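Please look through the sequence and the model shown here, and keep both at hand while reading the paragraphs that follow.

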Amino acid sequence: MQPTHGTDRRISNDAALTRESELLVLVFQGGGALGSYQGGVFEAMERRGARPDWVSGISIGAINAALVAGNPPGKRASAVRRFWEEVSSAITFGPPLPGLFLQTAFNEASAASTALYGVPGFFKPRFPPTYLVPDGNPADIGYYDTRPLRATLERLVDFDLLNDGETRVSLGAVNVATGNFRYFDTAETRIGPEHVMASGALPPGFPPVEIEGEWYWDGGLVSNTPLQYVLERDHRDDMCIFQVDLFAARGPLPRTIFDVAEREKDIRFSSRTRFNTDVMKEQRKLKRALHRLLDKLPAELAADPDVELLSAATNDASVTIVHLINRRKAASRDSKDYEFSRRSVDERWRDGFGDAEQTLDDPRFVHRRMPPHTVAVLDLTGD
């Protein structure tokens, strides 16, 4: 299959979001129940006319990406919202009284309910339990049955539109046998529910998913953010990338033993976003310098094999990364990524919407200039 997404399919977006030559790219990190934050971000963007050229996601970010690309413009945020309302339908009430202690206790009880009973439209406990069925099919090797998710995706996502529509989609997963990271990309293959589920098959809770005779687990086992893939695969287009992270790399020093597990999870699944972004900035700067240097060579060297090899690795495109981060709450614990109460889902959605609105209204974004020599990073909501 030949790639169908690229500069020839660039979408006209609101001028406040992208410049004329830029692709609008959304990068969704994994993070389970925290993913409603990405829904709030996208709702704010859609209200301003955002029509992404490319959406890339891992784990819950892959589900959100499929919901965006698999629905028509103007109905995408509502499709994402329907998903999050369904998965948060088991507990629609909150703690009986205000206060940090009661809120924390409520969140922990909600997470315990998820572990015991599963999540509507997402997963349910496997029966009989997988440890009572030794040497079973790989599709059964998980504590939970994820077939409800497949039914939900088939109902809420138009996979023909996802594959043939205006938005390129890239979803990351890990080959269980080889340990190699792989992206399923509509520029190269047709994506179905199984590809989305593979990206979010986090062991040991969820079983691996079979695709073309190979078994895949959650891409977050290797890298929880698709940013590097986007920057490495596109060597020609100017891009404005909204990187929406669900775990914050920066955070307070743990003060109790209960804080340790949450801080460890934040560090592990944030995938050192800021560090990686800094490295990518330097790499992009070097590629652009090499591009300018090759332009200065005599014309007779253009066909030299070494020049051709270097030219293929150069990049003269401008990239702006707009960083939006779901930051830690006082009442959260390490169970926050499987705490699916409606109260928490709505709170994260509002946080994402508010952070996106603040960023899109910030003069540093509204009046930004395309970076001339490197990658520009805008993190405008603060720690």
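In this predicted model, a polar atom of the D218 side chain lies 2.6 Å from the backbone nitrogen of G220. Residues are numbered from 1 along each chain as its sequence is written. Local features need pLDDT of at least 70, side-chain atom pairs count only at pLDDT 80 or more, totals for chains, interfaces and linings use all residues, and side-chain values use heavy atoms, with hydrogens and water left out.

D218 itself belongs to strand β8, residues 214-218, where a strand is a DSSP run of E with at least two residues, a helix is a run of H or I with at least four, and both are numbered from the N terminus. With a relative accessible area of 2%, D218 is buried, a word that here means under 20% relative accessible area, calculated with a 1.4 Å probe on protein chains only. Leaving aside residues up to four places away in sequence, D218 touches several others, among them I58, S59, V174 and A198, where contact means heavy atoms within 4.5 Å.

One of these partners, S59, sits in the loop between β2 (54-58) and α2 (60-69), and at 12% relative accessibility S59 also counts as buried. Its contacts, again without residues up to four places away in sequence, are G30, S199, G200 and D218.

What does the UniProt annotation "active site" cover? According to that unreviewed entry, the annotation covers S59 and D218, and such annotations may be inferred rather than shown by experiment.

Technical notes:
Buried means under 20% relative accessible area, exposed over 50%, partly exposed in between (1.4 Å probe, protein chains only). A polar contact is a pair of N or O atoms within 3.5 Å; within protein, one must be able to donate a hydrogen and the other to accept it, and residues adjacent in sequence count only if both atoms are side-chain atoms.
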